[in-house]
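Here are my notes for your first read-through. Keep the viewer open and click along as you go.

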Amino acid sequence: MNTPFKSMLKASAAFALAGLVAAPAFAQAADDEAPTEIIVTAQKRSESLQSVPVAVSVISGESLANNARPSLESATQLVPSLNFLKSGTTLNQTIFLRGVGTATFSIAGEPSVSTVVDGVVYARSGEAFSDLVDVAQIEVLRGPQGTLFGKNTTGGVISLTSKRPVLGEYSAEAQLGIGQYDNGASFNSVKVAMNLPLGETMALRIAAIADKDDGFYTDDKATATFPRNVPLWGAFGIPAGSRPPQEVDTTVTGTGDRLGGKDVIAAKAKLLWEPNDSYSAYGIVELVRDRSGSPPGVNESTA
């Protein structure tokens, strides 16, 4: 065996030995700097995101709160392939995942992407379009999910989980938002949440939001051409130039009122009871009152 070959074998052995020695140290360093494990319920049980065989995107409540108006609609900025289709009312706005969704003009139409809030299925996706209250995280599951979530999940599922009560802990948080558009329309919102322990085995968490804005557009455009041209002139024997009865309003401009404003009040009360390590009971009561205006259809042509 020649000398260069012996030297190469020694060098290879040295590198292999160095690798064996360095491997534990590298593993130890990796453990010390391991990222926080993300727990999801994509398969109806709590497990690590890395072990779930489903395409899932997770948005934490903190990430969502950094948005000026935290809502499902704002989640499109954080989740790839997630889009929304606006409609005449908030109830039938549609969610699309990977281009799959149901475009409908009827609130009776059922979606192709299901919305689940704390395990409860929302029959209409638009019911979850108001500002979100006390959210812990949002899980976006792509692709058909009918095995675990039933019908209306051809495109996927959006699962929202709210923050649970914490035993033995007093805490409270509040958020106030006030602003104004350049055209004078204002918006404001108030959000509060508090955690109250009830003895050693029970805890209550209450969260509420009041969100209102004037709407950006105004109803101030000409909507008719009377008296220069009236469609009824010449019809039913009505001669041209005929004036309408006095009780008929001939106003041809809008009222000047704001259009598409938001008026939402929502609250949640969550009660947790854990008498021992083997038993846990969790109940949620939710109230939502949405009197928001319909999204306006604006004609940008001349009057």
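**Notes on the salt bridges and the rest**

1. Start with the network: D134, K163, E173, R205 and K270 are linked by salt bridges. A salt bridge here is a side-chain nitrogen of Lys or Arg within 4 Å of a carboxyl oxygen of Asp or Glu. Searching the whole structure turns up eight salt bridges.

2. Before you go on, remember that this is a predicted model, where local features need pLDDT of at least 70, side-chain atom pairs count only at pLDDT 80 or more, and totals for chains, interfaces and linings use all residues. Residues are numbered from 1 along each chain as its sequence is written, and side-chain values use heavy atoms, with hydrogens and water left out.

3. Now look at D134 and K270, whose side chains meet in a salt bridge at 2.7 Å, N to O. D134 sits in the loop between β7 (120–122) and β8 (135–142) and K270 in strand β15 (residues 262–276), so this pair ties together parts 136 residues apart in sequence. Strands (E, at least two residues) and helices (H or I, at least four) are DSSP runs, numbered from the N terminus.

4. Are these two buried or exposed? D134 is buried, at 11% relative accessible area, and K270 is buried too, at 0%. The cut-offs: buried is under 20% relative accessible area, exposed is over 50%, and partly exposed is in between, with a 1.4 Å probe and protein chains only.

5. Next, K163 and E173 form a salt bridge, with their closest N and O atoms 3.9 Å apart. K163 lies in the loop between β9 (156–162) and β10, while E173 is in strand β10, so the pair ties together parts ten residues apart in sequence. K163 is partly exposed at 24% relative accessibility, and E173 is partly exposed at 42%.

6. Another one to find is K262 with D211, where the closest N and O atoms are 3.7 Å apart. This pair links distant parts of the chain, with K262 in strand β15 and D211 in strand β12 (residues 202–213), 51 residues apart. D211 is buried, with a relative accessible area of 2%.

7. Then turn to the surface: which residues form a nonpolar patch there? They are L176, I178, V190 and V192, with about 390 Å² of accessible area together. The elements giving two or more residues to the patch are β10 (171–180) and β11 (186–198). Patches are made of residues with over 30% relative accessible area and no salt bridge; nonpolar side chains (Val, Leu, Ile, Met, Phe, Trp, Tyr) are joined within 5 Å, like charges within 9 Å. I178, in strand β10, is exposed, with a relative accessible area of 67%.

8. Zooming out, the protein chain has three helices and 16 strands. Of its 303 residues, 29% count as buried. Its accessible surface comes to about 18,600 Å², 57% of it belonging to carbon and sulfur atoms; areas come from the Shrake-Rupley method with a 1.4 Å probe, and for residues only the protein chains shown count as cover.

9. Finally, check the confidence. The chain's mean pLDDT (the predictor's confidence in each residue, from 0 to 100) is 76, and 73% of its residues reach 70 or more. Confidence is lowest in helix α1 (residues 3–32), at a mean of 43, and highest in β12, at 92.
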